[in-house]
Each structure stands twice: as structure tokens, then as C-alpha cells.
Amino acid sequence: MYLVAILIFISLAALVFYLFHLRQKISSLTVSQDKALESDERFRLLLQSIPNVSVQGYDKHRRVNFWNKASEKLYGYSHSEAIGQLLEDLIIPDEMRETVIELTDNWLAGGQEIPADELILKNKFGQPVAVYSSHVMSHDQHGNPEMYCIDIDLTTHKQDQIAIQYGEDKFKNIIKSSPVPYLLHDSAKNIILINDVFTRQFGYTLEDLSNLLDWGLKVYPDQEYGLEIQSLWKKRFEQAERNSGIFEPLEIDIHCKNGELRTVIADASPVTGSFHDDVLISLYDITERKKTELALKHSEAKSRSIIEASPIPFALHNTQRDVVFINNAFTRQYGYTIEDIPTYLEWGEKVYPDEAYGHKIQKIWRQRFEEAIETGNPFKPLEIEIRCKNGEIRTAMASATPVMGSFSGEILVSLYDITERKKEEQQRMLAATVFQYSSEGMMATDADRKIVTVNPAFCRITGYSKDEVLGKPALLLISDKQHLTFSDNLMEELESKGEWQGEIWNKRKNGDDFIAWLTVNTIYNDDGSVHQRVALFSDITEKKEAEMLALRRANYDDLTGLPNRNMFNDRLAQEIKKSNRTEKPLAVFFLDLDKFKEVNDTFGHQVGDHLLIDAAKRITDCVREADTVSRLGGDEFTVILADLDDVHSIERIANNIIDSLSQPFQLDENIAYVSASIGITLYPNDAQNVSDLLKNADQAMYMAKDSGRGCFRYFTKKMQQSAWERFNLLNDLRVALSKQQFELYYQPIMDLKTGKTHKAEALIRWHHPERGMVNPADFIPLAEDSGLIIEIGNWVFQQAVQQIKLCQRFSSDFQISINKSPIQFREHSDWIAVMEQEGVSGSNLVIEITEGVLMESREQVEEQLLNFRDGGIQVAIDDFGTGYSSLSYLNKFDIDYLKIDQSFTRNLSPSSSEMALSEAIIVMAHKLGLKVIAEGVETEQQCDLLTEAGCDYIQGYVFSKPLPAEQFEAFLETTTDRKIR
């Protein structure tokens with residue numbers, strides 16, 4: 001409705017121009033007329049240049065006599081091209097030509113009015129133009145009819161869906177020109193003459209108005225008004241007398257004889273040169289002009305209200321570029337009122353996002369003004385960003401229209417908000433960019449499932465070019481690996497839900513299959529029918545392979561391919577649930593390969609891996625297909641026997657596994673022998689969950705090892721009790737050192753040649769506050785398993801060094817031996833530096849190790865042993881002959897002593913095999929330059945036999961048990977410089 005009001009205003013303004021043109025004949029209205037013309041010209045110029053509303057004027061012969069700028073833009077004809085041309089030759093299509101001529105001529109001749117309607121006209125280039133056309137009838141200065149057409153371009157305004165109405169009537173017919181009415185009165189105020197025009201115009205004759213008294217009673221609307229005018233009239237006469245007879249015309253209202261009230265400009269002229277004599281009064285009727293003035297005021301107010309009510313933001317600034325008006329749409333859209341931005345400076349500071357941007361836009365704005373002034377072309381619209389009062393940034397297309405036809409005067413600025421359109425454009429550009437550069441393949445199909453476009457990623461992934469797939473079926477890529485019903489299921493879901501997502505097997509142009517993650521969405525028409533479907537896919541083949549590999553690694557052993565600990569736990573949990581349903585028991589085996597470490601160290605890890613692979617196969621061959629064999633790590637395996645109908649089959653399977661693994665392993669050119677120790681636990685008898693079952697089987701496996709290996713043992717409650725005791729003992733062991741519960745005992749070592757004691761072995765003892773003295777055989781393995789042996793071993797070393805310093809008063813070369821566990825070699829400890837700091841020589845210390853340390857054959861072990869040698873610390877092999885003895889170790893490492901284990905000395909007799917072995921060890925050691933110490937010597941006979949065999953030192957109860965430090969020092973006091981024997 002805003003455009004309707006604007007059109008009404010424009011039409012009225014145009015007609016006003018002609019009304020005022022007719023009034024030019026009235027010479028006494030010159031001043032008022034100029035003001036009306038000025039106002040009329042202002043709105044006529046606005047009519048000429050207002051954007052997007054085409055106004056054309058046609059004379060009685062249908063020839064163009066008015067053609068505004070919007071008409072030039074809409075129809076393509078310039079002003080000069082259009083003026084004087086026939087209506088039907090310019091914009092009327094051929095099929096409408098006769099009808100338009102007939103209707104126009106009929107209306108111009110006084111016939112039926114042409115109604116407003118939507119029309120399809122044509123432009124200069126013959127192209128159709130959809131407009132909403134309204135028509136206004138007027139007359140030129142000669143009284144000839146003329147027609148104005150007001151056309152709104154529906155191609156740009158159709159979306160506004162404005163129902164154009166044209167409901168206001170034109171001004172009444174223009175009052176025809178006539179001679180000036182007048183009357184003449186004499187000095188006695190008697191009216192002596194009234195002309196015919198007066199009578200015709202106001203209805204009074206001379207008989208009606210014989211004197212000015214009658215005039216006052218009849219002509220003025222009321223008595224009060226008459227007295228007021230008479231007073232003014234008298235004053236004007238007096239002023240005229242003083243001003244050389246110049247009478248200032250007076251505007252008065254006349255009550256006509258027929259009751260009509262009219263307004264006139266009354267002028268008085270003295271006939272004889274004096275206003276005291278006859279006076280000729282001229283009455284110039286300005287009733288119509290007054291109406292016109294009111295119409296102008298109403299029109300201007302209407303124009304303002306139209307702009308005020310327009311949905312398009314408007315701002316008007318004057319010649320000083322101050323903002324003098326903004327409409328409601330501006331305030332509503334951007335938040336500012338006229339008080340917020342009264343000048344161009346406030347506009348620049350507040351409306352533009354920042355100062356730099358404001359300067360840039362103002363510069364472009366001035367350039368556009370200059371271009372419009374120089375070329376005469378319309379102002380070229382400018383896209384600007386506006387910061388709203390609430391801080392929001394919006395985008396608008398700004399256009400400027402000069403109100404008076406010149407950009408040096410008032411300028412009407414219109415702002416068409418294009419924020420959403422810009423967002424849509426950006427979204428479209430972003431979508432196009434994503435489509436072009438996305439790493440995902442994209443494909444669009446029409447409603448018939450034919451490919452209409454693909455992106456570069458599609459071509460890169462599939463190997464097809466764009467031309468090769470356009471128009472082809474959407475299912476072109478589906479691989480034969482995909483299930484036959486897949487396509488039907490896919491289309492069914494798309495039809496019902498409009499979208500689908502999932503994995504799919506596709507095929508490249510070269511025939512290679514690949515797995516894709518596919519997403520399909522549907523774009524619908526307004527009527528709900530399918531417009532397009534858009535498919536996005538990515539090649540996830542490598543990802544799926546990686547997932548499968550990760551899944552396999554997470555659940556299967558890389559070496560043997562058996563389930564690993566993770567899958568074992570899952571399988572066992574499932575079998576427990578199944579057992580609860582079937583009420584059938586299940587068994588869990590925990591299996592460890594005996595002597596595997598020796599094979600690994602002897603032949604290398606690669607050979608050891610081959611043995612594990614073979615062992616896994618042998619174990620699997622001994623169980624049913626439904627059973628689970630897994631490798632937990634190292635040489636540890638587990639077996640789950642489920643759905644057991646006969647528990648006696650458990651022992652049969654266990655024996656089969658033991659027998660199979662006891663057979664020799666052919667490993668390339670080497671043959672290796674191992675055995676298996678198996679722990680067995682039952683569900684639900686022994687435990688109710690996975691962790692407890694595995695723990696029970698592990699305990700039973702250790703019992704099998706303690707029982708001689710190569711056998712199986714069932715879990716018992718006694719084992720569980722033993723495990724708890726072991727657990728509690730370990731907890732106590734963790735605090736024993738901090739609570740000073742350890743003590744070192746020293747057992748003397750006698751030199752058989754001299755009978756003197758210049759050596760001793762330091763042995764740790766644990767005084768438990770509740771358990772009493774704890775056997776080292778019970779807590780040393782715990783300390784090694786838990787890693788506490790490192791801290792305990794360092795404490796033993798520190799105590800031994802201090803004891804060496806005390807014993808040096810008996811002999812400067814006194815030696816104390818300490819045991820060092822294989823675990824202690826895993827961490828570097830700079831004992832030599834500590835001894836130097838304490839002033840103790842390395843030769844005063846002997847490190848006792850087992851053969852197992854040498855078998856580790858790690859660089860760290862070798863490095864530490866060499867450091868001991870370089871520091872003067874001697875090394876003894878403890879329990880020699882009981883382990884995996886190898887002369888190569890004795891030759892490789894700089895060993896000083898061999899200690900014969902007490903298992904040999906305990907049963908020594910002249911003809912015993914122990915004697916023969918002891919003699920062999922002594923001879924071998926001496927040949928290698930080593931000294932021999934015999935442990936566990938308890939009788940004089942054992943001592944004599946060892947002396948005869950050439951043994952160097954003995955250690956045992958035959959002359960002293962291990963003694964606390966104080967007793968040991970007392971023992972040394974009594975034995976210094978004398979032989980024990």
C-alpha cells in the first residue's frame with residue numbers, strides 16, 4: 001500500500017502543476033502563486049526522478065508529452081526518443097494495439113475510464129515487460145484532455161505482492177477563467193455598480209446589496225467576522241492614504257447568495273484619487289487557489305506519510321549534508337532516530353562500522369555524485385555496510401535521488417537491505433567452493449536418478465571424468481560385492497525418509513573395489529516432489545583396513561595369531577554367561593613353557609619366536625574347535641575348555657598338551673627341548689569371575705613348577721591361602737626397610753692353606769615384629785618380583801662398606817662378599833664411587849652372582865661386571881654347578897671365585913659322586929686361574945676331603961654359623977693371627 005500512496009501523491013503533484021499554470025492570469029496573486037509554483041516544481045522534479053516508478057504523459061492524440069527517468073529505464077527509450085511518439089508505437093504489443101487505441105481515444109473523448117490492471121507491455125528491444133498500470137486524466141492549459149500512465153515494474157516488485165489500488169479521485173474540474181468581478185461604491189458607502197461577473201460568481205445583484213451595510217450583513221459569513229474585516233478594511237484605507245493611494249489587498253471570505261462560501265482577494269482603487277470618494281473594488285476569486293494550497297499541504301503531508309510508512313529505509317539530507325529526515329523503516333531497521341544522527345559527521349561516526357571504512361565509503365559516495373552530475377546519469381547505487389545502533393552489522397544497497405533535480409540540493413537516500421541476500425550469496429559461494437575443493441566426492445542426481453553433476457573429488461576417487469558420468473544412473477559405482485537387495489533397500493529408505501547414510505562397496509573405473517562412507521540427502525520442490533538428490537562419499541578403504549588391523553592387534557597376538565589377553569578376558573566372560581545358562585562347568589588352563597628362557601638366550605629371540613609359534617599350534621591341536629587358546633605374553637598361554645560334559649576330559653587334554661610340548665622342536669638346524677607346567681581352575685567351583693579364575697590358574701601353574709615342572713596341578717584353597725600369605729608378606733616387606741627391621745649377619749670364610757679368616761659373606765636377616773625371623777628364601781624372591789630388591793640391595797651394600805671399614809683393623813685386605821640379584825643389574829648403581837668416597841678399596845669387596853646373571857648376556861650386565869673389575873672388585877659365582885653352567889661365561893667374564901653349592905658338600909664322602917664333581921670343579925677352576933670356595937661345610941671329614949682336593953676356602957657351620965655384626969667382630973678378635981684348625 002506504500003507504493004499506492006506514493007503514486008497518488010505523484011499524480012496529485014502533477015495535476016497541481018497545471019492548476020497553478022492556469023492561475024497565472026490572476027495578476028494580484030503573484031506572490032502566493034510563486035510559492036505554489038515553487039512547491040509544485042519541487043514535487044514535479046521528484047516525480048521526474050523518483051526510482052522504479054514509470055510515469056508517462058500523453059496528449060489527446062496519444063502522443064508522449066511527459067517521460068520520466070524511470071520510464072527510460074523501464075522501456076529503454078530516452079526522453080528525446082519518446083517525446084512526440086504515439087503510445088501504441090512505443091510500448092504496446094501488436095496484439096493489444098487496436099484495443100489500447102480504442103480505449104484511450106474513448107476515454108480522452110469523455111468516455112469510460114481506463115481501469116488499473118496488470119499488463120504485459122514491451123520495451124525498446126521488443127522484450128516483454130510486466131507492469132501494474134494506472135491512468136490519470138487531466139487537461140492542459142488550453143483545456144485539452146491529456147492522460148498520465150503510472151507503471152510499476154512487476155518484475156522487480158512482484159515479490160512485494162502489493163495490491164495496487166488507486167482510490168482517490170482527481171481534483172475537481174479546473175475552474176474556468178473569467179473576467180474579474182467588481183463593484184463600485186460612492187463616498188456615502190452606497191453601492192452604485194455591480195458587474196455581471198460578480199452576480200454570476202457570487203449571486204448578488206445590485207438590489208441585494210444597495211450599500212455597504214447590506215454587504216456587511218449579507219456577504220460576510222457572520223457578524224463577528226464582518227466587524228473584523230470592516231476594521232481591517234478601514235485600516236487599509238488609512239494606510240493607502242498615507243502610502244500614495246497604494247491599497248494592500250485583503251483576503252476575505254464571501255458568503256454567496258446561494259449560501260456558498262468563497263474566498264477572494266479584495267483590492268480597492270479610488271476612482272477620483274481619493275478613498276473618500278467613489279471606490280472601485282475588485283474581487284479576485286482565490287477559492288480554488290486556497291483549495292489548491294490545502295491540497296498541496298495535504299499532498300506534502302501525504303508524501304511524507306507515504307515515505308514514513310514505506311518499508312524501505314529513507315533518509316533526507318539538505319545542502320549542508322545534515323540529515324533532516326529519516327523514516328520509521330530506517331529507525332526500525334537500524335535503530336537510529338534523527339536525534340542520533342543529525343549531521344553527516346554523526347552518520348560517519350555511528351553508522352559505518354569503523355572510521356577507516358567510513359572514509360572509504362564517503363570518498364566513493366562523492367565520486368558517484370560527481371559522476372552523476374558530470375554525465376547526467378542516475379546515481380550509481382553503492383553497497384555499504386551499516387552498523388546498527390545495537391551493534392549488528394547489516395549490508396544495504398544505497399541509492400541517492402536529488403529532490404530538486406540537482407545533487408547540489410536536497411538528496412533522498414534510500415537503503416535497500418540486502419543482508420540476507422548477501423548471506424545467501426556467501427552461502428552459495430561457500431557451497432560452490434566446498435563442492436569444487438572438497439576432498440569428499442559429490443554427486444547430484446535428478447528426480448529420475450540420473451547424474452547431473454559431479455565434483456573433482458568424485459573424478460579423483462572413482463577415475464571417471466565428468467563427461468563420462470553425466471546422464472548415467474546414480475548406481476553406476478555400486479560394486480558386485482554389495483548385496484543384491486542393497487539398491488532396493490537404499491531407494492526404499494530414500495523414498496520414505498529422504499536421506500541415507502552408511503558404508504557401501506563401490507567400484508572404480510579400473511575395476512578396483514573400495515569401501516565408501518556414503519551420505520545421501522534429498523532436495524524437494526515446493527510441491528513436495530523430488531528435485532535432486534545429493535550424494536557425498538569418501539574412500540574409507542585404508543581407514544577400514546587400519547581399523548581391522550587395530551582391532552586385530554587389540555584382540556590377537558601378532559606372533560602366534562592366537563587371541564591375546566584382551567580377547568581371552570572377553571571370551572572367558574562370555575563363556576561364564578553361557579555356563580550359567582547351560583549349567584555346564586568350564587575349565588581354565590594357565591600354561592607356562594619350562595626352560596624356554598634358556599632356549600631364547602642360547603639360540604636367540606628369532607628362534608625362540610619360532611618355538612612359540614610351533615608351541616601355539618601344538619596346543620591348539622590338542623583342544624576342540626570350540627575351545628579358546630590364547631597367548632598372554634612371553635611363554636604364557638591360556639586355554640578355555642567350555643561346555644564340559646565330562647570333567648575327566650580335562651586331565652586328558654592337559655596330558656596331551658604336556659606330551660605334545662615335551663616332543664623336540666626342530667628349529668632350523670637346531671633342536672630344542674621344553675616342557676609345560678599347567679595350572680587348572682574350574683568354574684563355578686573355584687571362582688565366579690574372570691580375574692579370580694585367571695589368578696587361581698596362575699597359582700596352580702606355579703605349584704606345578706614347584707612340583708618339578710612338566711606336569712599339571714589343580715587350584716586348591718590351600719594355594720589361595722598361600723597366595724594371601726605371600727601378598728601380606730610383600731606388604732610387610734615394603735615397610736621393613738623404613739622401619740629398620742633388616743640386619744646383616746656375617747659368616748666367616750676360612751683360608752684352608754693358612755687357617756685364617758680374612759673373608760666373610762654378608763647375609764641379610766629380617767626381624768619381623770610378629771612373624772619373628774623371616775627366612776631369606778621366603779622374602780628374597782618376593783623382593784625380586786616386586787623390584788624392592790634394588791633398594792634392599794643398596795642398603796646391604798652400604799652396611800657392608802661400613803663393616804669393611806671396621807674389619808680393616810683386623811686385616812687391611814679383609815673382604816666381605818655380598819649377593820647381587822640379577823634384578824639389580826637392570827639399574828646402574830655407582831658403587832665404586834661410594835667406596836672411594838668412604839675410603840674403602842675395591843679389593844675389599846666381592847660381588848656374588850648366580851650363573852643366571854651371566855646368562856642374561858645383556859650389555860648392561862657386561863658393562864657393570866667390567867666396571868667392577870676395573871675398580872678392583874672381585875666377582876664370585878655362587879651355587880656353581882646347579883644351574884646352566886657354561887665354561888664360555890667363565891672365559892668371557894673376569895670371574896675370581898667359584899662357590900661349590902652345599903648340595904655337593906652335604907653328601908661328601910671319599911667315594912661319592914659329589915666328591916668326584918667337587919674335585920672336577922676345583923681342578924677346572926684352578927686351570928682357569930680361579931679360586932674355589934666350598935659352602936655348607938659342617939664336618940671335619942668334609943673339611944679334610946676338600947683340603948685334600950685342593951679347595952681354597954671353606955664356609956660353614958664346621959667353624960662358624962652366620963653371626964650378627966657384634967658377635968662377628970668378637971669372633972674375629974679371638975681368631976686373629978691364629979689358625980682355626
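Predicted model: local features only at pLDDT ≥ 70, side-chain atom pairs only at ≥ 80, totals over all residues.
Reader: Which residue follows H24, and is its phi positive or negative?

Author: H24 is followed by Gly708, and the phi of Gly708 is positive, near 115°. Residues are numbered from 1 along each chain as its sequence is written, and side-chain values use heavy atoms, with hydrogens and water left out.

Reader: How should I read the length of H24, and what span is expected for it?

Author: The expected span of a helix is 1.5 Å times one less than its number of residues. H24 covers residues 690-706, which is 17 residues, and reaches 25 Å from its first C-alpha to its last, close to the expected 24 Å. For H27, whose 20 residues should span 28 Å at 1.5 Å a residue, the end C-alpha atoms are 28 Å apart, which agrees.

Reader: Which residues of H24 are buried, and which residues of H27 are buried?

Author: Buried means under 20% relative accessible area, exposed over 50%, and partly exposed in between, with a 1.4 Å probe and protein chains only. An α-helix has 3.6 residues a turn, so residues three or four places apart point the same way. In H24 the buried residues include Val690, Leu693, Leu694, Ala697, Met701 and Ala704, and also the polar Asn696 and Gln699. In H27 the buried residues include Leu788, Ile789, Ile792, Val796, Phe797, Ala800 and Ile804. Over the protein, buried residues make up 47% of the 981 residues, and there are 35 helices and 37 strands.

Reader: How many residues has the largest nonpolar core, and which of them have the most contacts inside it?

Author: In soluble globular proteins, nonpolar side chains tend to be buried together. A nonpolar core here is a set of buried Ala, Val, Leu, Ile, Met, Phe, Trp, Tyr and Cys residues joined through side-chain atoms within 4.5 Å. The largest one has 74 residues, and Leu733, Phe742, Ile818 and Ile954 have the most contacts inside it. The largest share of this core, 10 residues, comes from helix H27 (residues 788-807). Leaving aside neighbours within four places in sequence, Phe742 is in contact (heavy atoms within 4.5 Å) with residues including Leu733, Trp766, Phe779, Ile792 and Trp795. Apart from this core lies another, of 35 residues, among them Leu593, Val607, Ile658 and Phe712.

Reader: To how many aromatic pairs does the count come?

Author: Rings of Phe, Tyr and Trp (its six-membered ring) pair if their centres lie within 6.5 Å; planes under 30 degrees apart count as stacked, over 60 as edge-to-face and the rest as tilted. By this rule the count comes to 26 aromatic pairs. Trp365 and Phe379 form a tilted pair, 5.0 Å centre to centre with 55° between the planes. This pair links distant parts of the chain, with Trp365 in helix H14 (residues 355-375) and Phe379, 14 residues away, in the loop between H14 and strand S13 (382-387). Trp365 is buried at a relative accessible area of 7%, and Phe379 is buried at 5%. The rings of Trp766 and Phe779 have their centres 5.4 Å apart and their planes at 85°, so this pair is edge-to-face. Because Trp766 lies in strand S29 (residues 757-768) and Phe779 in helix H26 (residues 776-786), the pair ties together parts that are 13 residues apart in sequence. Trp766 is buried at 0% relative accessibility, and Phe779 is buried with a relative accessible area of 0%.

Notes:
Helix = DSSP H or I, 4+ residues; strand = E, 2+ residues; numbered from the N terminus.
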